[in-house]
Amino acid sequence: MLKLFYAPATCSLASHIALEEAGAEYEARRVDFSTAEQTKPDYLAVNPKARVPALVTDRGVITETPAILTYIAQAFPAAKLAPANDAFAFAQLQSFLNYLCSTVHIAHAHGRRGARWADDPAAHEAMKAKVASNMTACYELIESKMFEGPFVFGDSYSIADPYLFTVAGWIEPDGVDPARFPKIVDHRNRMTARPAVARVLAMLKV
Ligand SMILES: N[C@@H](CCC(=O)N[C@@H](CS)C(=O)NCC(=O)O)C(=O)O
């Protein structure tokens with residue numbers, strides 16, 4: 001059975017929702033950030049990157065949200081979470097996932113994880129000070145150029161949607177004005193009404 005290593009209020013939410021949407025049988029295993037469990041030998045044996053998510057499959061461990069989401073979509077084709085047999089549409093999907101992973105998530109991380117990039121507390125403050133404006137620029141691009149509606153790729157719900165939902169949860173914590181992004185906020189609200197999303201959110205509250 002698949003096993004997802006996750007932590008609440010992190011990017012692992014996207015993979016968690018995708019597993020539910022796919023109707024996968026999986027075990028969800030919480031990693032306790034309050035004790036820095038992600039840095040302990042037992043977890044490093046699963047994911048030496050010391051991060052969540054990590055998805056354990058019968059063929060090995062998958063890390064990196066875009067890779068996990070794509071695996072879920074391809075392992076459960078009946079759920080139709082990614083375009084099949086359409087190289088361009090699949091590339092567009094990858095482009096969206098990778099933008100969230102490599103640009104938006106990194107801009108967000110500069111607010112809380114500045115120690116990855118600098119030791120100087122003044123540099124941490126300088127990085128924090130840029131988060132709201134950098135994230136605003138990212139959401140502007142998504143809202144105006146990337147999001148088709150009602151889902152990220154028009155009428156087709158895909159693995160891009162739980163990932164956008166996850167990243168849109170950072171709007172307020174990152175000091176971004178949600179009123180500037182009506183499409184993203186509307187998508188976020190509609191996502192919470194999906195049974196798969198509601199199940200995961202209820203499970204995370206326990
Ligand atoms: N590129 C990775 C990023 C994973 C990542 O940074 N996860 C964060 C939570 S959102 C984490 O585990 N942080 C733990 C830490 O920094 O100690 C992905 O997209 O899966």
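Which residues in α1 meet Pro162, Tyr163 and Thr166 in α6? Good morning, colleagues. The structure shown above is a predicted model.

To the opening question, then. On the α1 side, the residues are Leu13, Ala14, Ile17 and Ala18, and these meet Pro162, Tyr163 and Thr166 in α6. The residues of this contact divide into six nonpolar, one polar and no charged. Helix α1 covers residues 12-22 and helix α6 covers residues 160-168. Their axes come within 8 Å and cross at roughly 145°. The crossing of α1 and α6 is right-handed.

Let us step back to the chain. It is divided into domain 1, which comprises 2-80 + 197-205, and domain 2, which comprises 87-194. Please note that domain 1 is written as two stretches of the chain. Taken over C-alpha atoms, the centres of domain 1 and domain 2 are separated by 19 Å.

How many residues of domain 1 are in contact with domain 2? There are 15, and they are in contact with 13 residues of domain 2. On the side of domain 1 that touches domain 2, the elements giving two or more residues are α1, α3 (65-75) and α8 (195-205). The largest share of that side comes from α3, with six residues. By class, this side of domain 1 has twelve nonpolar, two polar and one charged residues.

I turn now to the sheet. Four strands form an open sheet in the order β2-β1-β3-β4, and the pairing is mixed. The edge strands, each pairing on one side only, are β2 (26-30) and β4 (60-63). On average, and with direction ignored, neighbouring strands of this sheet are turned by 20° against each other.

Strand β1, residues 2-6, and strand β3, residues 54-57, pair in the antiparallel sense over three bridges. The bridge partner of Leu4 is Leu55 in β3.

Helix α1 lies across β1, β2 and β3, and runs at about 150° to β1. Helix α3 lies across β3 and β4, and runs at about 120° to β4. Both α1 and α3 also give residues to the side of domain 1 that touches domain 2.

Next, the ligand. Which residues surround the ligand? They are Thr10, Cys11, Gln38, Ala50, Arg51, Val52, Pro53, Glu64, Thr65, Cys101, His105 and Arg113. By class, this shell has five nonpolar, four polar and three charged residues. Domain 1 and domain 2 each supply at least three residues to the shell.

Val52 and Pro53, both among the residues around the ligand, are joined by a cis peptide bond, with omega about 0°. Pro53 lies in the loop between α2 (41-44) and β3. Glu64, also in the shell, is not a glycine, although it has a positive phi of about 80°. Glu64 is found in the loop between β4 and α3.

A further cis peptide bond joins Gly149 and Pro150, again with omega about 0°. Pro150 is found in the loop between α5 (121-146) and α6. This returns us to α6, whose residues Pro162, Tyr163 and Thr166 meet α1.

Thank you for your attention.

Technical notes:
Residues are numbered from 1 along each chain as its sequence is written. This is a predicted model: local features need pLDDT of at least 70, side-chain atom pairs count only at pLDDT 80 or more; totals for chains, interfaces and linings use all residues. A residue is near a molecule or strand if its C-beta atom, placed from the backbone, lies within 6 Å of it. Ala, Val, Leu, Ile, Met, Phe, Trp, Tyr, Cys and Pro count as nonpolar, Asp, Glu, Lys and Arg as charged, and the others, Gly among them, as polar. Domain bounds come from an automatic or database domain assignment. Axes are lines fitted to C-alpha atoms, for helices over the stretch in contact, and angles run from 0 to 180 degrees between N-to-C directions. A crossing is left-handed if the near helix is turned anticlockwise from the far one by less than a right angle, and right-handed if clockwise. Two residues are in contact if their C-beta atoms, placed from the backbone, lie within 7 Å. Two strands pair if DSSP finds at least two bridges between them.
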